[in-house]
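Hi,

Here is the structure I promised to pass on. Please open it alongside this email; my notes follow below.

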Amino acid sequence: MRILKGNPVSRGIALGKVYIYKAFKADVHESYFEAGKEDEYFEKYEDAVRTAEKELENIIDSMSVESPEKAKIFTAHVEILMDEEVAEGVKEMIYDNRTMPDYAVDEVYTDFANLLEKAKDPLIAARAADLRDVRNRVLRILKGEKESNLSSLRDSVIVVAHDLLPSDTATMDREHVMGIITEVGGATSHTAIIARSYKIPALLGVSDATEIMKNGDNVIMDALTGKVLLDPEKETIKEYQEKLVEYIKEERETSQYLDKIPLVASGERFSIGLNVGSTDPDESFKYVDFVGLFRTEFVYMNSEHMPTEQEQFDSYKKVLANAMGNPVTLRTLDIGGDKTLRYLALPKEDNPFLGNRALRLCLDHPEMFKTQLRAALRASALGPLQIMFPMVGTMDDIRAGKAAVEEAKQELRKQGIAFDEKINVGIMIEIPSIAMIADMAAKEVDFASVGTNDLTQYLHAVDRMNPAITEYFQSMSPSMFRILGRIFAEFNKAGKPVSVCGELAGDHLGALVMFGLGLRKFSMNSANIARVKRTLSLFTLEEAENIAKTAQNLATEADVIAYVKAEVDKRS
Amino acid sequence: MYTKKTELKNASGLHARPASEFVALAKKFESKVTVQRLDDEAALPANAKSIIKILAQGMAVGTPIEIAADGPDEVEAVEKLYDLVESKFGED
């Protein structure tokens, strides 16, 4: 039995078969065949098209009931696959030039994709991505490789991949994914966040996972301690089946705290918020007081084109309805860094996390930004919505963001379109430079929310996507608790609401320390609500304050974690 | 050869679903069918049976177009496609 180590970013245990997910990479070279074989090679192409059609129809069938919107993408792929001009183009190259089918397919599709990309209408230009997608499907079939995608898994599997992209997880068949193992990524990567919100156990940073494991291998994935056990013996399997039962039982006990009013032992009330990133209804909305982070990226990432104002408005409206009258904090588009859009060409950057991302990118694309702000403002007429800018570093950023909101408001006023005139506008605090002037920032904004993932990344100078340095990513460090204490104190003093919507708010140990530092609003993924409510209920305000003070003065993150954990264990 | 001129009246033009419907209908006829935009001198007749060619024309609402067909069922082809455009593809 071999053991691989990884970073357990989403808790749980899974026993099952491995499914290796490799995105197909087309590798085509200019090549020709000898005369007389034209029919044979054209038939190969036609066979590939038939297989591709069958694949697409299977996907459409499996999706049409549950997610008809996603099925439409694949219906469009069938149209492209069956396009008369594509077929003509390929036929000509095969018969007139004796071009190998893969090269012919690559050439014809690439030409057409380039043609569409030149269209003035961004909706049409975006269709080029579909052509490339269909091209890859046909090329893969010509190469004799099987379809591998996460949207149509037949059995329950543990997905093993180099990395999962936002587009992979968007189409992922959640029902059949028991666990996720990737070679790269840390606790705050996209994969980790998605895994936690879907409650799928995940181990990231498992080196060479896709090389060492094979499709169908039996493995045990222990995402409590961070291990993958390959080819386990019978006794080990039995031991883990028992552990799994115990784990589920423990989770169930914690979950009894889910619908309790969030109070500490001395009676002070705190509030729990939910982080959301889709329009899906979720029963967790019942157990929270607000939506502290509404990530709007999904509207952009699930779209084939730049979403229109109306499309965005429709999504925001749904989230407001899901929130059942509780306030919703809408974070404006946060792309760049590890998130990109296929229809928005952005230059490659050497340091994307220090680059043109989030608010910076929006200020750089004023029309795109205005569309979102108009949609958000219109939605504010329907319910309590507030707007929050990510990646704010200076007072200039705050002023530029607010000016953009003002401009959008002016336009709507002129057009006689309703919105909330008194809408709150706030900021994310994730860059140390704004944390250092929290007192001044508090005067110019209506509220703030701390993004602890990026704050850790920028405070500790640690690229959170780099698996080689995950141990340097220390969100429970004394430095973090010192800067957080300062932020909370300044906002509390100014009488402006402050919350934390980063991962640390959902970590029961981190939440406890932050309560002691003066934080009262914790926004998190649904999976963490019960645990945070339970842990905080075990402490009085005075105890929490003492723990916070001690944590700020311990030397290392390891010391802090060991100390806080011991305090919690004593009372559990 | 049979032709007819009109103008796109539906809000989304010959994009997305309307384009798909237009191409699907054109494919039902044996004749060669084309669409040409009349507001651009450089525009050539585009194969109406190719979704990619139709999309590449970027025909928005208000674009004047000519539908042409050549073959055994040319009149029916043009008339049916003309009717589809006139129906605004069920939009409104």
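Which residue is the bridge partner of A:Gly16 in β7(A)? It is A:Val219. Keep in mind that this is a predicted model.

Strand β3 (residues 13–21) and strand β7 (residues 218–222) of chain A run antiparallel, and five bridges join them.

Now the whole sheet. Eight strands of chain A form an open sheet with mixed pairing. The order is β1-β8-β7-β3-β4-β5-β6-β2. β1 (2–5) and β2 (7–10) of chain A stand at the edges. Each has a single partner strand, so one side of each is left without a neighbour in the sheet. On average, neighbouring strands are turned by 30° against each other, direction ignored.

A helix covers part of this. Helix α10 (residues 234–255) of chain A lies across β3, β7 and β8 (227–230) of chain A. Its angle to β3(A) is about 110°.

The axes of α21 (residues 508–516) and α23 (residues 541–552) of chain A come within 7 Å and cross at roughly 100°. That makes α21(A) roughly perpendicular to α23(A). α21(A) brings A:Leu512, A:Val513, A:Phe515 and A:Gly516 to the contact. From α23(A) come A:Ala544, A:Glu545, A:Ile547, A:Ala548 and A:Ala551. By class, that is seven nonpolar, one polar and one charged.

Last, the two chains. Twelve residues of chain B are in contact with 15 residues of chain A. Helix α2 (residues 51–56) of chain B gives the most to chain B's side, with five residues. That side divides into five nonpolar, five polar and two charged residues.

Best wishes

Methods:
Residues are numbered from 1 along each chain as its sequence is written. Chains are lettered from A and ligands numbered from 1 in the order in which they are written. This is a predicted model: local features need pLDDT of at least 70, side-chain atom pairs count only at pLDDT 80 or more; totals for chains, interfaces and linings use all residues. Two strands pair if DSSP finds at least two bridges between them. Helices (H or I, at least four residues) and strands (E, at least two) are DSSP runs, numbered from the N terminus. Axes are lines fitted to C-alpha atoms, for helices over the stretch in contact, and angles run from 0 to 180 degrees between N-to-C directions. Two residues are in contact if their C-beta atoms, placed from the backbone, lie within 7 Å. Ala, Val, Leu, Ile, Met, Phe, Trp, Tyr, Cys and Pro count as nonpolar, Asp, Glu, Lys and Arg as charged, and the others, Gly among them, as polar. Angles under 35 degrees count as roughly parallel, over 145 as roughly antiparallel, 65 to 115 as roughly perpendicular and the rest as oblique.
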